[in-house]
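Dear colleague,

I am passing on the structure that you will find just below, and after it I have written up what was found in it. Please read the text with the structure open beside you.

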Amino acid sequence: MSRALALLAVDPKGLGGAVLHGQADDRRDSVLALFDQLVGAQRVRRRLPPGMAAERLHGGLDLAATLSAGRPVEERGLLAVAEGGVITLPMAERAGGPVVAALLGMLDSGSGTTLLALDESMAGEEPVAAALRERLPFMLRLDDQGHDALDERPTLGELAAARNRLPHVTVGEEAMKSICHTAMALGVGSSRADVLAVRAARANAALEGRTDVSEADVSVACALVLAPRATRVPDVPPEPPAPSPEENDPAPDTGEAEQPVSEMADRVLEATTAALSPGMLEGLRQQGGGKARGKSAASTVTPRHGRRIGSRAGDPRTGARLDLVDTLRAAAPWQRLRGARPGKVAVRRQDFRVQRCKAKNGTTIIFCVDASGSSALHRMAEAKGAVELLLAESYVRRDRAALISFRGSKAEILLPPTRSLARAKRALAALPGGGGTPLAAALVAAGQLATQVAAERDAGSVLLVLLTDARANVALDGTGGRPRAESDAEGAARALRSMGVPSLLIDTAPRPGAFAASIASAMGGRYIALPTADAQRVRGAVEATREGLRAS
Amino acid sequence: MSPSFPFSAIVGQHEMKLALLVAAVDPGIRGVMVFGDRGTGKSTAVRAMPGVLPLMMAVTGCRYGCDPGAPCEECEDRRARGERLRSGKVPVPVVDLPLGATEDRVVGSLDLERALSSGEKRFEPGLLARANRGFLYVDEVNLLEDHLVDLLLDVAASGVNVVEREGLSLRHPARFVIVGSGNPEEGDLRPQLLDRFGLSVDVRTPTAVAERIDVIRRRDAFDRDPGAFMEEWNMEDAKVLRRIQQARKRIDSVIIDDAMLGRVTALCMALGTDGLRGELTLMRASRATAALDGAKKVTLEHLRQVAPMALRHRLRRNPLDDTSSTTRVERAVAELLAA
């Protein structure tokens, strides 16, 4: 960690900053103090208060001063004030879009200001905006670096020498190859990561007194920059590429297209893999192929509740809350025109500003219930009970439920997404049973409904709960026959996975079969065998999956 | 303002570069949507555009950078007051719309300073005005608030920004090529918005080590000595600039014959694209590509090059078929556009 901070002090312009992940405690304070010492006294430091308005960053009209002076008074933005210095952003994970955008602009412009984003998110919470993480080279975790001594640090003289040396440091072909090779082996997609690793390697060489980047520099850079971005564990041992294409195809394609990976690259990769933290490896191994749903889908802008994100012109009488400060701000420039006397403020209707808020949306749970003859009728009762229980809770949570039943030759939506307990109860009571098991049709219907829900304006996340014994015997076109029915169902399940719908399959068969499990894995969802599923246990399983959904 | 990375030094990403050039040659194509992960050179490419775009004539002092041949209302007023309008060559604007931009900043608002100091009601132009006759780049357009996206696309389509707020009422020209970027995994764009973009390209990180090394090698050279690096690529950028210039002159005389038009409709019908935007865009884009190639006539090769970018975002999704739309377009192209 102290190494990363030292590199940041050597090349603030090229590297830009770091994310420090951990709670506000003594350890973090000592890390920040260390960085303070490294950057030296001459650089400006600014700490951005959490929840600060983005206007403060850009500067602009100073309202209070303007009103009292009766002429426009400009205020310098914090970005301009801190140029070339250090900006600390506490509770970085809470920073809103405008603040993040301003900081991104600052990083992209190469102003030389260092950004320390202090990420205080707990496990399962939304971390710092991805766009910021992408641009900051280092992601330092304060908790799992307990053994890293902070006192191994370069002196100010050494840092100054390193800064002078930096422009003269060259990066060899081999070093670049190693970085790219490592990035690709770890599944790091962004070229920005490569570029940042190159800069980190150069800074490290400068710090070590070299003017040529060595293998050690590359290893340090890869461990610091690339390892935290790994999305997969490299195949160990690193597979040597087959030499055959090289021999068969001696095309003069500049001679470097498919060269066997050099020894240096292998050693760097190995060192970087060793730097992956154990928790992360576990996480990567468990990661399925499914795609995470974005932030934008999980929250939405609604007029009345949630966190404030700004204001807009509007009439407060429609129920939105008046934003007093912004209203005054809007009225301020007009005072002279409206002939307001000193001490009086003339506010007109067009000045009214109302608050805009952002609220998290609930989950829409799509229950897909097998009503075929093979699913014994008493399971239907249990499924109904579970849906009712969840619906009762949804009033508190803003969750919605939808119900699809499938039997005979087709699936039908019995209940479109609703929060209404009464409607749900009626639809459930009318749920008929008997006939074949058109599993594929059910999955297709569920997928369509999920897409429809996701496209809604204030959609939250979607969760599919499939209660079935998976004895599929009706194909998608309504004809009988187990083999076709099963292959269709698998196809539909894969399509659901590609749509990124999180799912849970509850196997209700008295003897759970392998096919149900394979459908669950094709959907990329969880599988739970509950041969004697009762309403409470179904509810428990749904809860567990939901928590997992939130944590991922 | 630090110099931006030269356009021609961007490694690979041919489809994205072609789409941007096509849009530069024929702004009527209406915008390019670039999908892809972070760090694939999307922003770099767009920000490099001014380097390859010919300078344009603009009225000096006009806040909308309007064309001397077709002056805006404000310039007309100035002329009516007896002022002689001068004009000069200026670079084509490429304006960045930051993710957190407010409606005020985008549309423009009351000029607070003027209002306070002289009590004068004056319009302070926003980003749309600055982007007039140039490019407007919206990073992460899929995360932008809906009402702003609607507004942007509406202005992009009409070429006029109508302001009715804060007691202001005016309109000013805002003709620009909108370039959006986004990562589809972080939220989709509504299909009706997607359809408004003329072209859509997918960018990926290069998978060949050699290409990735090129990326960082050039970046490193640029970081170390931007001046020398720009110098080195100056010639290449100038070549691209000339290509655009020539293509703009040539495009009106490029012929697309009935046989080619037949292929265009056949392709769109086979893919089941909604509406006629697909056909129209494909036709315009292939004509622009031919013009860029210096050809007099659109050939199959031109169609093949632009068919995926003109059509891939206009296909209906089939829930049972998880093949990407790119593959579907390519399959249809291979089938129907065989020589």
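**A glycine in a loop of chain A**

Leaving aside residues up to four places away in sequence, A:G85 touches A:R43, A:V44, A:R45, A:R46 and A:T113, where two residues are in contact if their C-beta atoms, placed from the backbone, lie within 7 Å. A:R43 is 42 residues away from A:G85 along the chain, and the C-alpha atoms of the two are separated by 4.8 Å. The glycine A:G85 lies in the loop between α6 (78–81) and β5 (86–89) of chain A; helices (H or I, at least four residues) and strands (E, at least two) are DSSP runs, numbered from the N terminus. A:G85 counts as partly exposed because 17 other C-beta atoms lie within 10 Å, given that a residue is buried if 20 or more other C-beta atoms lie within 10 Å of its own, exposed if 12 or fewer, and partly exposed in between, with C-beta atoms placed from the backbone.

**How to read the model**

This is a predicted model, in which local features need pLDDT of at least 70 and side-chain atom pairs count only at pLDDT 80 or more, while totals for chains, interfaces and linings use all residues. Residues are numbered from 1 along each chain as its sequence is written, and chains are lettered from A and ligands numbered from 1 in the order in which they are written.

**Chain A as a whole**

Chain A has 23 helices and 16 strands, and of its 552 residues 42% count as buried. Among the contacts in chain A between residues at least 6 apart in sequence, 77% join residues at least 24 apart.

**Two helix pairs in chain A**

How do α20 and α21 of chain A cross? The axes of helix α20 (residues 439–455) of chain A and helix α21 (residues 482–499) of chain A come within 7 Å and cross at roughly 15 degrees, axes being lines fitted to C-alpha atoms, for helices over the stretch in contact, and angles running from 0 to 180 degrees between N-to-C directions. That angle makes α20(A) roughly parallel to α21(A), since angles under 35 degrees count as roughly parallel, over 145 as roughly antiparallel, 65 to 115 as roughly perpendicular and the rest as oblique. The residues of α20(A) that meet α21(A) include A:L439, A:L443 and A:G447, and among their counterparts in α21(A) are A:A485, A:D488 and A:L496. By class, this contact of α20(A) with α21(A) has 12 nonpolar, two polar and one charged residues, where Ala, Val, Leu, Ile, Met, Phe, Trp, Tyr, Cys and Pro count as nonpolar, Asp, Glu, Lys and Arg as charged, and the others, Gly among them, as polar.

Helix α1 (residues 2–10) of chain A and helix α11 (residues 191–207) of chain A pack at an angle of about 90 degrees, with their axes 9 Å apart. That makes α1(A) roughly perpendicular to α11(A). From α1(A), the residues A:A6, A:L7 and A:V10 meet A:A200, A:A203, A:N204, A:A206 and A:L207 in α11(A), and by class this contact has seven nonpolar, one polar and no charged residues.

**A sheet in each chain**

In chain A, six strands form an open sheet in the order β13-β12-β11-β14-β15-β16, with mixed pairing; two strands pair if DSSP finds at least two bridges between them. Its edge strands, each pairing on one side only, are β13 (410–418) and β16 (526–529) of chain A, and the twist averages 15 degrees from one strand to the next. Within this chain, strand β14 (residues 462–468) and strand β15 (residues 503–507) run parallel and are joined by five bridges, with A:L466 opposite A:L505 in β15(A).

In chain B, an open sheet of five strands has the order β4-β7-β10-β1-β11, with parallel pairing. The edge strands here are β4 (94–97) and β11 (199–203) of chain B, and the twist averages 20 degrees from one strand to the next. Strand β1 (residues 32–36) of chain B pairs with β11(B) in the parallel sense over five bridges, and B:V32 stands opposite B:L199 in β11(B).

**Two residues of chain B with positive phi**

Most residues other than glycine have a negative phi. B:R133, although not a glycine, has a positive phi of about 70 degrees; B:R133 lies in the loop between α6 (127–130) and β7 (135–138) of chain B, and counts as buried because it has 20 C-beta neighbours inside 10 Å. For B:E140, phi is near 55 degrees, again a positive value in a residue other than glycine. B:E140 lies in the loop between β7 and α7 (146–158) of chain B, and is buried, with 23 other C-beta atoms within 10 Å.
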